[in-house]
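Welcome! Before we start talking, please take a moment to look around.

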Amino acid sequence: MADMCSIDFTTVYMLAAYASVITAAVIGISYMVGNFTKNPKVSVWAKTEAIQLVVSVISVIILVFIMNAFCLINMNALSELFGFTYTGSSSASIYGGAEHYLEGAAKFSHNSLTVTRYHLKGFTVLAYIGMFECDGVGSAAALAFPFLSGCMYGYSGENIAPFGGYGAVNGMLTAMFNANIMSYIMSLNYLFILRYVYYGFVLFLLPIGIFARSLPYLRGFGSVFIAMAISFMLVYPLILAVFDLMGAVLINSPNFMYYDPGTDLRPYLDESVYPETSSGASFAMMFDREYLRDKYDLEVSNLKYIAMFSAHSFIAGVFLPSVALLGTIASAVYISRLYGEEIDLSRIMQMV
Amino acid sequence: MKKLALMLLLLCSLCFAAGPWQAYAGFAILISATMLIAVYIIGVGFDVREIKFLAKDEGIQLLVLVVLMIALMATDGILNTISTNSVFAGDEDTMQDAAIVSLDETIDDLSSYLVEVQQADKKMARESSRTASCVLSGGGHSVSACGGYSMLATPLSMSGSILGYSIAQAAAVQKLVEIAQEFVFVLILPLGIVLRTFKFTRGAGGLLIALGISLYIFVPAGIVFSEILQEKFEYAVTTDPETPASWKAGADPYLDPPGDINVAECEADEPWGNVGAEAVDAYRDMKHELKGYMYVFMVKATLGPILSLLMFIGGLRAMTALFGAPVDVSALARFF
């Protein structure tokens, strides 16, 4: 992915300039018509709109100025200013930091998902293991006359699922798995929104906003566009960049793995192995339940850490980015009020 | 306007005397003040009432910010005083430490219960899966006399999910307290103040300040309050001489630490034996022991975190309004 700061937005700025010129022309013509027809309503309207146009143009200039400032601010230096060690790229800007946080949150959630999935699979496999225990195996009579055991000449004995009782564990792991999927998808969703913003969608709202703000009955409409552009280009990346400064604690950056001195969940990221067991079957498994247990049983002591890992990935991947988005939407409302018309974005809030 | 400018100049000396973030906040205020003065001059020069009004309005906001900054320097002390108050902190140094210790205990309790439930589930499933067979030359019979145990699989599975959620919930709140301890004073509040200085980032700044204070105070306070309530309740139903004996007897099963759920071995080939009674005994035992689990996962692990999150979200909503950019945070409440 290209760095947001290296993207050329000249087309957008040119469009904004064209929109300003066209709007100025419309206002100028209206002023002249007002004077020509001696209609004070039209000339006053033209004067008011001229001020609004200046406000719009100044807003765009300030936006571009702050965007450039965000590109110049180095996350590493900012981190040192607050006494932290930055774990991202040494040349990352505010925009790079925001992207780094969401990528990290997605990796962290995905690692949590992988560890949970591994255990869910392991315990499900165990739950479906079945064995047949023949009657009389090991008795003196069966040793002397094997045909007396339940395994010879027909069969008698008990079918049993020695590790069938993982319903509680699987219930817990399924709940965590669902939470992890949500964290992963939500962090990707927020990352997608960020990249969508970076690649210019929001800036294209600027020329429309400048033009619409100066048309009758469209001030609110234009204000929303400008407010959205400012909020999504400045506020959303900024809050995420702040979270990136906390990355070492929030998502254990740069490892993106749950850390606790009591456990090491890293082996479970390698999904090609089944860490507690050796490969291959054994004749002993046919008769010895304990052997079977040793061979396949998974440690339940990891469950606590899996739940905690899932909780942390939820905080990092869902809760905090949602706070960032809510802050952005609230900023859009605040800024649109500044431009003269308050907008109701409560419906969008409900989508979070 | 002149008075405001003079006040800001006086504040400038504080910027150099204070730590790095205070200095940056001071510079941010000065830059903002300079811009405001420029806007005001434009307003006066062109005699545009709206611009003059905007500059004045922003002047008031800047003044509020100066007050906020001074308040933050004092608040550092106030919040620490609340945090270290022995009523909230108990035996720990701070309220946040007390909350973390409480949540640690809850997580440990829940984890051991999860292992116990899992062990009971394991025994139960092994017994319920037993099927005795006797087949000779293609003819024979099979009988599953222990099937009665399978009725217990669903409640145990549900207990496992609830315990998992409870651990995750407690761990999530614990993480929020850790974030608050680590970052509120060194990052979130200072940055919030700097961002609140400028019009375009006022929403973000207000949100960060509100987030910082809510995380630092309300999240651990909810846990500590819940802990205090539990202690009061436990004292009332165990020790308080004024509590009727029948109440104490009724509360005992909930407060006693849960024991093992007994699952008797079953004979799969004896349908005429005491089959139903074995499963029913295990069910009765489980019903009794689950009351002990209930108290921990419903009261300690669910009520406590929910109380703290409600306080956090309520505080966040009120404080974002106080700091100038109200944020509808009801969406966050839906996550928990």
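This is a predicted model: local features need pLDDT of at least 70, side-chain atom pairs count only at pLDDT 80 or more; totals for chains, interfaces and linings use all residues.

Reader: In what order do the strands of the open sheet of 4 strands run?
Author: Strands here are DSSP runs (E, at least two residues), and helices are runs of H or I with at least four residues, numbered from the N terminus. Two strands pair if DSSP finds at least two bridges between them. The pairing in this sheet is antiparallel, and the order is β1(A)-β2(A)-β1(B)-β2(B).

Reader: Which strands stand at the edges of the sheet?
Author: A strand at the edge has a single partner strand, so one side of it is left without a neighbour in the sheet. That holds for β1 (131–134) of chain A and β2 (139–143) of chain B.

Reader: Which residue is the bridge partner of S156(A) in β1(B)?
Author: β2(A) and β1(B) pair in the antiparallel sense over 5 bridges. Within β1(B), S156(A) has as its bridge partner C134(B).

Reader: Does N252(A) count as buried or partly exposed?
Author: N252(A) lies in the loop between α9 and α10 of chain A, and has a positive phi of about 45 degrees although it is not a glycine. A residue is buried if 20 or more other C-beta atoms, placed from the backbone, lie within 10 Å of its own, exposed if 12 or fewer, and partly exposed in between. With 19 C-beta neighbours inside 10 Å, N252(A) therefore counts as partly exposed.

Reader: And F256(A), is that buried or exposed?
Author: F256(A) is found in the loop between α9 and α10 of chain A, with a positive phi of about 55 degrees although it is not a glycine. Because F256(A) has 21 C-beta neighbours inside 10 Å, it counts as buried.

Reader: Which element gives the largest share of the side of chain B that touches chain A?
Author: In all, 65 residues of chain B are in contact with 62 residues of chain A, where contact means that C-beta atoms, placed from the backbone, lie within 7 Å. Elements that give two or more residues to this side of chain B include α5 (95–128) and α7 (202–238). The largest share, 23 residues, comes from α6(B).

Definitions and conventions:
Residues are numbered from 1 along each chain as its sequence is written. Chains are lettered from A and ligands numbered from 1 in the order in which they are written. Two residues are in contact if their C-beta atoms, placed from the backbone, lie within 7 Å.
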